[in-house]
Amino acid sequence: MGKRLERARQPYGKKLKLLHTWNGWITAVLALTGLLLAIGFWRAVLGEGRVWLKWFHTAVGIVSVIPIFYYFLLAGKHWKLLKRKPWQRVNVMVVLALLLGWLISGIFLWQYRAAGPRIANLALTAHDLLTWIGLPLILYHSIIRARWLRDLSRRSVKTEPEEKDMVYTPEPVYTRREFIRGAIGAVMAIVFAPSFLQWLNEAGNVDSSEAMARIFDNDKNMLLPPPSPSADSVLPIGGGAKGHFRVYTVTAIPSFTNENWLFTVDGLVEKPLRWTWEQFVELERSVQVSDFHCVTGWSVYSNTWEGIPLKRLLALAGVKTEARTVKLYSADGVYTDELNLEQAMMDDVMVALLHDGRPIPSDLGGPARLIVPRMYAYKSVKWLHRIELIPGEHIGYWEERGYPKDAWVSNP
Ligand SMILES: Nc1nc2c(c(=O)[nH]1)N[C@H]1C(S)=C(S)[C@@H](COP(=O)(O)O)O[C@H]1N2
Ligand SMILES: [Mo]
């Protein structure tokens, strides 16, 4: 009887151990890459590498379905072995719930277009929340796990009968191991708390004036005179933006002065145009309210943008009939994107100078950035300084690196 049980349990113990090792490594890779993607500091360091890291993170996430699936299969059997260890049961439950939560929210983030921005926003919030809460728990779990897994594999090669094997040996109330666990928990809290607070701040619908005051500190531009907001912008008519911009860039954040900033419209136009900052702020501006969606799952709603509609600039320059594409250049010297003429003529495509009544700061693409409300934000070129009309096609920076050429937000 004992022999048979032993034989039956041995492969199971081995399998579970192997699964744990695999799952541990996969979770570690996902956690590491996920943290690099989520923390603004690392995003800035990564630049272009961010998008490759995102694909890698997504691919590993998809592969992780296999061990998670097996985990659930084995969890049932495993359950009996933990009969007298309620905390380890809780532990296993929490880990399974976390893995499932990450998996489901991750699938929505991966399929962000089908999901639409609202669901992608929720999925990103859940994914981040699970990370900030779950990662410390998972690390804590891996310490406990190491212990019972050791016990388990020892048990499965023992020859004693099961009853004796399962005897519960009480431990001192406060063991050295528990002390170590507690200490590690405290260190984790210290490491994660600042990031968690930052995330809370970004995810919450921060009061816009406060948010802008904070963002305003990030303005390294020194362009004079500042654009003075119109009455609609000061209000602002959108009621203040809801959400928080995550700063994206593929270069160091550029900054400008009146000396090194110029805005040009050239290529296939009747009349090439060129403005200094002093001239550019004199152009007539409009105000519009629109939402802003990034493909990574975050949005900022009800932005009041003030700027010059792109179609007005194109009309001033006079587009030649051979022109097919409007190529957009960032003054960072690297980032470009494009719109076809029909898209560029949409009323709400704007070269924006102000957001909620304040000059757009340098980290968010100021002094002038494009806004294409009906498309994902990778079309909204930051530090826009040149518009060229070209006869052929152009493939934008992110499109060249795997983003879809069709950037329409289908169900905002
Ligand atoms: N020059 C430049 N423009 C850019 C990008 C960039 O990296 N460089 N990122 C794009 C992407 S993917 C998004 S989501 C938005 C982000 O705008 P924000 O950094 O102001 O939040 O800018 C877009 N425009
Ligand atoms: Mo984006």
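Predicted model: local features only at pLDDT ≥ 70, side-chain atom pairs only at ≥ 80, totals over all residues.

**Entry 1: cis peptides.** I began with P225, which sits in the loop between α10 (208–216) and α11 (231–234). I then looked up P367, found in the loop between β8 (358–359) and β9 (369–371). The bond from G366 to P367 is cis too, and there omega is near 15 degrees.

**Entry 2: positive phi.** Next I looked for positive phi in residues other than glycine. S302 has a phi of about 55 degrees, and I located S302 in strand β4 (residues 299–309). D356 also came up, with phi near 50 degrees. That residue lies in the loop between β7 and β8. Is D356 buried or exposed? Its relative accessible area is 9%, and the cut-off for buried is under 20%, so I put D356 down as buried.

**Entry 3: Q343.** I checked Q343, which lies in helix α14 (residues 341–344). Its relative accessible area is 17%. With buried meaning under 20%, Q343 therefore counts as buried. What does Q343 touch, once I leave aside its neighbours within four places in sequence? I noted contacts with V349, M375 and W408.

**Entry 4: nonpolar cores.** The general expectation I carried in: nonpolar side chains tend to be buried together in soluble globular proteins. In this model the largest nonpolar core has 67 residues. Inside that core, the residues with the most contacts are F263, V265, F280, L339, V351 and I387. Strand β7 (residues 350–355) gives the most to this core, namely five residues.

Skipping its neighbours within four places in sequence, F263 is in contact with L273, R274, W275, F280, L313, V351, L384, H385 and I387. A second, separate core has 19 residues, and A31, L82, L96 and I138 are among them.

Entry 5: The largest cavity has a volume of about 310 Å³. It is lined by 23 residues, and those closest to its centre are Y248, Y335, A377, Y378 and K382. I sorted the lining of the largest cavity by type: 15 nonpolar, three polar and five charged.

**Entry 6: an open space.** I finished on the second largest pocket, with a volume of about 810 Å³. Its lining has 35 residues, and nearest the centre I find G34, H57, G106, L109 and H127. By type, the lining of this pocket divides into 19 nonpolar, 11 polar and five charged. Which helix gives the most to the lining? That is α1, with nine residues. At least two lining residues come from each of α1 (2–38), α3 (49–63), α4 (65–81), α5 (86–110) and α7 (117–157).

Technical notes. Residues numbered from 1 in each chain as written. Chains lettered and ligands numbered in written order. Heavy atoms only, no water. Core = buried A, V, L, I, M, F, W, Y, C linked by side-chain atoms within 4.5 Å. Buried < 20%, exposed > 50% of the residue type's maximum accessible area, 1.4 Å probe, protein only. Helix = DSSP H or I, 4+ residues; strand = E, 2+ residues; numbered from the N terminus. Contact = heavy atoms within 4.5 Å. 1 Å grid on protein atoms, 1.4 Å probe; cavity = no way out; pocket = protein on both sides within 12 Å on 5 of 7 lines; lining within 4 Å. Points joined across faces, edges and corners; volume = space filled by probe spheres on them. Nonpolar A, V, L, I, M, F, W, Y, C, P; charged D, E, K, R; others polar.
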